[in-house]
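I am opening a notebook on this structure and will write down each thing as I look it up. The entries follow the order in which I asked.

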Amino acid sequence: MQQGGKIVGNSLMTAENLSKFYQMGEVTVKALKEASFQLYEGELVVVLGPSGSGKSTLLNIIGGMDRPTGGKLFYRGKPLHQAGDKELTLYRRHQVGFVFQFYNLMPNLTALENINLSVQIASDPLSPTELLAKVGLADRADHFPSQLSGGEQQRVALARALAKNPKLLLCDEPTGALDYSTSIQVLELLKEACEAYAKTVVIITHNTAIAQMAHRVFYLKDGKLERIEENQTPLSPEKVTW
Amino acid sequence: MLLRKMLRDIFENKGAYLACLVIIAMGLMIFTSFASVVQSLNVSQHEFYENQNFADGFVQVAGIPPGAVAKLGDIEGIRDIQGRLVKDVTLWQPESPENIYLRLISVDPGEANPINGVLLSQGRPLQKSAREMWLDNQFFAAHNLSLNDQLEIIAAGRRQRLTVVGTGSSPEFVYALRSMADIYPDPETFGIGFVPWDTVQTIFPGTVSFNELVFTMKPGAEFETVREELERQLAPYGLISIIPREEQVSHQLLQMEIDGVESMSTAMPVMFLSIAAMILYITLKRLIEQQRGQIGILKADGYSNGEILRHYLSYALFIGLVGGIAGSLMGSLFAYPITGIYQDFFNLPAFTAVFSPFYFISGVILSVVFALLAGYQGAKKVLSLEPAEAMRPPAPIAGKRIFLEKFSILWRLLNTQGRMAVRNLTRNKGRSLFILFGIMICFAISSFTWSMNDIFQKMLYDQYEKVEVYDLKVTFSQPLKQESVLRELRSNEGVQRVEPMAEVPVTLKHQWHEQDVVIIGVLPDSKLYNILDSNYNRLEPPENGILLSERLAGLLNATVGTTLSLESPLKPDDRENTVVVAGIVPQYVGMNAYMEISSLQRAIKEPGLTTSAMVNMDRKAIPAFKEKYQAAGNIAAIEENGLRLSKMKELMDTYGSMIYLYALIGVIIGFAIIYSSSVITIAERERELASMMVLGMTPEEVLSVVTFEQWCIGIPALILGIPVAKGMMGSFGQLLNSDLLTMPTTLSSWAMFLAFAVTAASIWIAQRAAARKIRGFSLSEVLKSRE
């Protein structure tokens with residue numbers, strides 16, 4: 001596939017008419033309506049949409065935390081929509097790294113230990129100390145989360161997600177709780193993960209500015225994937241402003 | 001509206017609240033039931049003693065003519081003294097497999113104010129010289145008798161008829177034991193018969209003197225001074241013993257039981273309520289942390305601190321009230337069967353179960369107070385929250401290095417999950433201690449109760465399976481000469497072995513210590529009576545010297561080699577003999593000393609004296625043997641060991657069910673603590689645990705962090721439970737030890753194993769509940785929101 005003048009990889013994930021309905025009392029909430037798309041190896045995708053548009057639902061389904069109510073989802077040709085709990089756990093363990101808005105670090109593990117926690121269950125992990133150096137926290141390895149700033153915590157979370165060496169990095173509002181300059185640092189790291197480590201990175205956000213750094217942008221509204229835009233000239237994060 | 005919120009919150013966290021509720025209810029149940037039983041026991045004991053003029057002292061003499069008794073009334077401090085004849089007889093009951101004994105007590109129908117007066121339940125007064133008697137209520141009921149039935153007794157070698165004209169109870173036989181070796185009253189085989197004094201004289205022709213005296217004292221009189229004077233004046237009449245009311249068997253056992261129940265009725269509920277309070281405290285504290293945001297909104301809305309605090313206290317109030325009412329109600333109902341059990345054992349006329357509104361209400365108040373205190377401790381934090389602050393998420397929990405990390409070798413052995421678990425232990429020290437305590441209690445109570453079960457069986461069964469291994473014991477009504485009686489008994493068909501036994505009441509003295517005990521004299525190579533050491537090795541009674549039971553040795557402050565002086569009431573005017581302690585042996589039932597029979601006979605200068613014979617014989621020949629001797633004048637009793645043992649086993653079965661009840665209580669406490677704390681732990685760490693699952697850990701791997709943590713507490717707690725259980729046994733032993741029973745305080749390994757298994761199972765079940773919760777996590781839900 002041709003994108004921004006350079007070749008990106010093969011298809012990693014295929015979604016066909018993906019739907020998710022929640023039963024809330026007597027009301028059926030249609031959180032996601034028949035979304036179809038592909039994700040490719042090594043691309044950076046930004047999913048944009050207002051609150052309640054179904055972004056998180058989509059991310060949860062892609063990340064194997066939730067199952068679709070309808071439609072099909074294939075990861076490298078394997079059906080995920082029919083997968084059992086065990087298969088989903090293994091999928092999350094080996095293929096997916098998550099980064100959340102509120103970091104979700106283990107409060108009583110140090111930065112390095114938090115990364116080790118995910119290294120322990122990975123089959124082909126990256127070096128925790130190298131990763132920590134990469135996110136610029138080599139000197140903070142022995143600090144507990146409560147001793148780190150928000151940006152630092154988020155960089156540890158990112159290192160933790162990368163440490164398993166997953167194919168897919170899913171980020172739910174990764175800069176939502178951070179100030180501007182810290183956000184840019186995190187976005188730079190995400191960009192580097194995508195390029196240097198050849199990860200497929202999916203960022204969901206309602207910050208439209210971030211879309212400027214993406215290869216492709218998914219627009220969600222009312223649970224519908226309205227359109228997918230290709231970005232021929234992705235900006236580097238330091239040029240993104242809001 | 002807030003009420004509805006409270007009920008829904010409670011329902012949402014029903015596990016922890018339910019555990020709390022159950023424990024409160026159980027504590028209160030024990031409190032109300034036992035407290036009202038104790039109250040009822042105390043009141044009826046006191047009234048009964050008062051109304052029936054219960055004696056302050058009991059004297060046994062060889063014989064004192066009635067005319068000599070009145071003079072004793074002049075002794076300083078004595079209010080009243082009365083004489084009587086007490087004799088055990090057997091009932092003529094050829095069809096009954098076991099002997100039935102009646103203790104005949106002479107009464108003076110003309111006495112206006114009898115000491116130990118019988119409270120007549122039915123029938124009419126006794127008439128002088130008439131061949132009639134009163135029976136104690138229990139015996140009367142156990143044998144389905146009716147008034148005017150005639151009983152045939154064997155006395156003075158003859159069958160004699162007495163008509164039952166009334167039934168009643170005496171303060172002296174509230175707990176009616178035939179002998180110290182009996183342990184529990186058995187109205188099937190033992191009863192009390194009250195017979196007019198002149199009738200007794202016709203039953204036992206030639207009887208002219210009393211063999212017992214009972215006396216009451218003036219207020220403020222000293223028992224010891226009275227005793228000294230009595231000893232002096234009674235010496236010519238063959239004084240055997242003088243004991244105060246405190247040492248009278250029935251009183252002693254009743255008092256011991258009342259004290260025991262009383263201490264249980266306070267200690268147990270306090271323990272239960274404290275545990276429930278702890279669970280409530282933890283649960284509420286957790287709820288308030290979780291509902292920070294809601295509290296902020298309420299405050300922002302204009303709810304006052306007081307209103308919000310009251311709202312959270314209403315949770316505690318609700319639990320305390322429901323638990324308290326349920327427990328007190330159950331306790332009030334439970335008092336009836338408990339009273340029933342005591343009524344079976346204790347013959348206290350006014351003793352009935354009453355619904356006690358006082359204990360019901362004080363139970364509920366107690367429960368509510370405990371709950372509110374716990375609730376306030378848990379909820380007081382809402383007071384200090386500012387609305388704006390409350391709506392912000394709490395500061396992240398500070399991770400810290402812990403002490404163990406200084407030992408880097410140990411620390412490196414742990415993987416990351418392990419380190420997390422270990423650090424978590426110190427994150428909430430109070431809770432870790434609480435879990436430690438819960439597991440410890442669970443283990444200690446269950447191993448203690450099972451050990452008790454083992455020990456009682458050991459104590460009782462050993463006595464009849466390993467120590468006294470004869471088939472029959474023939475007790476003579478007065479000491480007989482050894483040779484002739486053995487020859488006579490051996491001549492019976494089916495008799496395989498006969499051995500003499502001398503049971504001689506003596507006073508042993510060492511320094512200022514003095515004990516009245518029965519010395520048992522047996523053959524050195526006895527095959528029918530084994531004196532055992534603690535490893536069940538047979539000991540031969542020494543040719544010279546005496547073996548003391550451990551408790552007796554302690555009371556006399558004697559060790560091997562100590563010289564004791566020995567005084568026999570059979571030879572009151574004799575000068576004292578001395579005997580050297582040759583060994584100390586364990587003895588659980590009774591408190592005796594042992595000697596080789598011939599050296600005992602020498603010591604009391606009664607060569608050839610024997611008081612009973614032990615017989616081994618063909619089982620089939622037993623009925624004929626018993627029939628032949630039942631009416632013999634010089635035989636007081638024939639006891640069959642097998643029957644005694646099977647009775648004992650029957651009793652132990654009832655007792656066993658009590659043991660299981662206690663064990664169950666232990667397990668419920670332990671389980672409630674472990675369960676509620678692990679449910680809370682999971683709820684508290686929902687986000688953390690969910691994050692691990694998102695990382696790709698399986699629910700099992702996530703659970704293992706929690707379980708590793710629990711085992712880290714659980715295993716030390718189990719180990720700590722051992723000394724706690726031993727301590728419980730020790731203090732229980734102290735409470736129970738008497739001249740009747742000496743309780744060994746070893747924790748049996750089987751009991752420990754069972755307790756270990758039960759405790760581990762409780763932990764495991766609580767972990768299954770945690771596992772279910774973890775599997776039920778909705779990952780996307782948990783992680784989307786802020787805490």
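**Entry 1: a hairpin in chain A**

How many residues lie between β3(A) and β4(A) in their hairpin, and which residue in the turn has a positive phi? I am reading a predicted model here. I find 2 residues between the strands, and A:Gly25 is the one I noted, with a positive phi of about 65°.

I then followed the pairing of the two strands. β3 covers residues 11-24 of chain A and β4 covers residues 27-40 of chain A. They run antiparallel and are joined by 10 bridges.

I picked out A:Met13, whose bridge partner in β6(A) is A:Tyr75.

**Entry 2: chain A overall**

I counted elements next: chain A has 6 helices and 12 strands. Of its 242 residues, 52% are buried. I also looked at contacts in chain A between residues at least 6 apart in sequence, and 71% of them join residues at least 24 apart.

On confidence, the average pLDDT of chain A is 88, and 97% of the residues score at least 70. Residues 1-7 of chain A have a pLDDT below 50. In the model this stretch has 12 contacts beyond near neighbours in sequence.

**Entry 3: a sheet in chain B**

In which order do the strands of the open sheet in chain B stand? I read the order as β2-β10-β1-β11, 4 strands with antiparallel pairing. Why is one side of β2 and of β11 in chain B left without a neighbour in the sheet? Both strands, β2 (78-84) and β11 (239-244), stand at the edges with a single partner strand each, so one side of each has no neighbour in the sheet. From one strand to the next, the twist averages 20°.

β1, residues 57-64 of chain B, is joined to β11(B) by 5 bridges, and the two run antiparallel. B:Gly57 stands opposite B:Pro244 in β11(B).

**Entry 4: chain B overall**

Chain B has 24 helices and 22 strands. It holds 787 residues, and 42% of them are buried. Among its contacts with a separation of 6 or more, 83% are between residues 24 or more positions apart. The mean pLDDT of chain B is 84, with 94% of its residues at 70 or more.

**Entry 5: where the chains touch**

Last, I looked up the scores for the complex: the predictor gives an ipTM of 0.75 and a pTM of 0.67.

Terms used: Residues are numbered from 1 along each chain as its sequence is written. Chains are lettered from A and ligands numbered from 1 in the order in which they are written. This is a predicted model: local features need pLDDT of at least 70, side-chain atom pairs count only at pLDDT 80 or more; totals for chains, interfaces and linings use all residues. Two strands pair if DSSP finds at least two bridges between them. Axes are lines fitted to C-alpha atoms, for helices over the stretch in contact, and angles run from 0 to 180 degrees between N-to-C directions. A residue is buried if 20 or more other C-beta atoms lie within 10 Å of its own, exposed if 12 or fewer, and partly exposed in between; C-beta atoms are placed from the backbone. Two residues are in contact if their C-beta atoms, placed from the backbone, lie within 7 Å. pLDDT is the predictor's confidence in each residue, from 0 to 100.
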